[in-house]
Amino acid sequence: VPYPFATMAELLVHGKRSGLSIAAMLRANELAHCSDDELDTGLDHIWDVMSHCIERGLKITGELPGGLHVQRRAAKLWLTANDTVNALPHDGMHKVSLYAMAVNEENAAGGRVVTAPTNGAAGIIPAILRYYSQDCKPSNPQQGIRNFLLVAAAVGMLCKKNASISGAEIGCQG
């Protein structure tokens, strides 16, 4: 790959030398293994799966599977936030929290799991991407989502190489 790295310091040195962003360097590294179209199709598919998970989580009510009788909350809170004036604050943190809760509940219900390696990630990546793409109204959301996923991949690679991504090894919040 054109920009090999095992630490963030190495990645930042590549960035200073090349003048490229982390996303651009990760894109270049990925393009050593696939075409531009294949990379974009893969990134778009990841976001599509995450987005559908949020949509389902914001619509489905009822009890989560298992013997604890835990009720889903995201759909009801989302409905309240959108149907009642000032029922919930409508700032970014509340929206991101609801999107993340929707992901958590879908994962807990045995739906499509979009957090890895455990649900300790709390659905933050899909929640932030949803907030960015729908609530911030960027001029080119598709490219922004792709760039975000590439940067998130870089951070994940660093964690995998230098720490752990195993919930069994270091706990789900690791």
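A residue is called buried when its relative accessible area is under 20%, exposed when that area is over 50%, and partly exposed in between (1.4 Å probe, protein chains only). The structure is a predicted model, in which local features need pLDDT of at least 70 and side-chain atom pairs count only at pLDDT 80 or more, while totals for chains, interfaces and linings use all residues. Residues are numbered from 1 along each chain as its sequence is written, and side-chain values use heavy atoms, with hydrogens and water left out.

The account begins with charged pairs. A salt bridge is a side-chain nitrogen of Lys or Arg within 4 Å of a carboxyl oxygen of Asp or Glu. The whole structure contains 9 salt bridges. One of them joins D44 and R146, whose closest N and O atoms are 2.7 Å apart. This pair links distant parts of the chain, since D44 belongs to helix α3 and R146 to helix α7 (residues 141–162), 102 residues apart. Helices here are DSSP runs (H or I, at least four residues), numbered from the N terminus. D44 is partly exposed, with a relative accessible area of 24%, whereas R146 is buried at 10%.

A further salt bridge connects R56 with E106, at 2.8 Å between the closest N and O atoms. Because R56 lies in helix α3 and E106 in helix α5, this pair ties together parts that are 50 residues apart in sequence. R56 is partly exposed at 45%, while E106 is buried, with a relative accessibility of 1%. Salt bridges that share partners also unite R27, D36, D40, D44 and R146 in one network. Within it, the side chains of R27 and D36 meet at 2.8 Å, N to O.

E105, in helix α5 (residues 92–108), presents another arrangement. The side chain of E105 does, however, reach the backbone nitrogen of R73 at 2.7 Å. A polar atom of the E105 side chain also lies 3.1 Å from the backbone nitrogen of A74.

Finally, the cysteines may be considered. The structure holds 0 disulfides, a disulfide being a pair of cysteine sulfur atoms within 2.5 Å. C53 is buried, with a relative accessible area of 3%, and C136 is partly exposed at 41%.

How values were computed:
Helices (H or I, at least four residues) and strands (E, at least two) are DSSP runs, numbered from the N terminus. A polar contact is a pair of N or O atoms within 3.5 Å; within protein, one must be able to donate a hydrogen and the other to accept it, and residues adjacent in sequence count only if both atoms are side-chain atoms.
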